[in-house]
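Thanks for coming. I'll walk you through one model this morning. Have a look at it while I talk.

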Amino acid sequence: MSRPEQLAPPEIFYNDSESHKYTGSTRVQHIQAKMTFRALEILNLEPGVPHYLLDVGCGSGLSGEILTEEGHVWVGMDIAPSMLATGLDRDVEGDLFLADMGCGVPFRAVMNQN
């Protein structure tokens with residue numbers, strides 16, 4: 001089986017049909033949950049304290065759901081409009097926006113006010 005990135009760019013491959021198929025797969029849901037819990041473990045965040053997290057390549061928000069369940073606030077960026085639309089249809093808690101990580105993260109710098 002070919003990898004999606006070999007068939008078409010993500011914004012093309014993850015059309016409405018593929019986005020729903022990906023998001024509805026229990027195998028994918030399980031993998032996303034394991035990866036999210038592992039990422040949180042690696043981040044070694046202070047327990048019981050909510051953090052504001054960026055989910056790069058958030059897709060339809062499967063990982064974001066875990067972040068929400070763990071008490072965090074998150075914003076997700078993805079290159080595939082259909083994946084984001086699926087996340088919006090699922091009413092995920094995070095804020096979602098369309099962006100290509102290859103073009104950088106579109107946040108403005110904030111100066112520390114100490």
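One term before the sheet: two strands count as a pair if DSSP finds at least two bridges between them. And keep in mind that this is a predicted model.

So, what is the order of the strands in the open sheet? There are 3 strands, in the order S1-S2-S3, and the pairing is parallel. The edges are S1 and S3, the latter covering 95–98. Each of those edge strands pairs on one side only. On average, neighbouring strands of the sheet are turned by 20° against each other, direction ignored.

Now look at one pairing. S1 and S2, residues 73–78, run parallel and are joined by 5 bridges. To find your place there, take Tyr52: its bridge partner in S2 is Val73.

Next, what lies across S2 and S3? That is helix H6, residues 81–89. H6 runs at about 160° to S3.

On to helix H4. H4 spans residues 26–43, which is 18 residues. From first C-alpha to last, H4 reaches 26 Å. The expected value, at 1.5 Å a residue, is 26 Å, and H4 comes close to that.

Which residues of H4 are buried? Val28, Gln32, Ala33, Thr36 and Leu40. Down the axis of H4, these buried residues fall within an arc of 135°, so they line one face of the helix.

What do the buried residues of H4 pack against? Three elements: helix H3 at 16–24, strand S1 at 52–56, and helix H5 at 62–69. So S1, an edge strand of the sheet, is also a packing partner of H4.

Last stop, Glu70. Where does Glu70 sit? In the loop between H5 and S2.

Leaving out residues up to four places away in sequence, Glu70 touches Phe37 and Leu40. Leu40 is one of the buried residues of H4. Glu70 and Arg38 are 32 residues apart in sequence, and their C-alpha atoms are 13 Å apart in space.

Methods
Residues are numbered from 1 along each chain as its sequence is written. This is a predicted model: local features need pLDDT of at least 70, side-chain atom pairs count only at pLDDT 80 or more; totals for chains, interfaces and linings use all residues. Side-chain values use heavy atoms; hydrogens and water are left out. Helices (H or I, at least four residues) and strands (E, at least two) are DSSP runs, numbered from the N terminus. The expected span of a helix is 1.5 Å times one less than its number of residues. Buried means under 20% relative accessible area, exposed over 50%, partly exposed in between (1.4 Å probe, protein chains only). The arc is that of the directions from the helix axis to the C-beta atoms. Contact means heavy atoms within 4.5 Å. Axes are lines fitted to C-alpha atoms, for helices over the stretch in contact, and angles run from 0 to 180 degrees between N-to-C directions.
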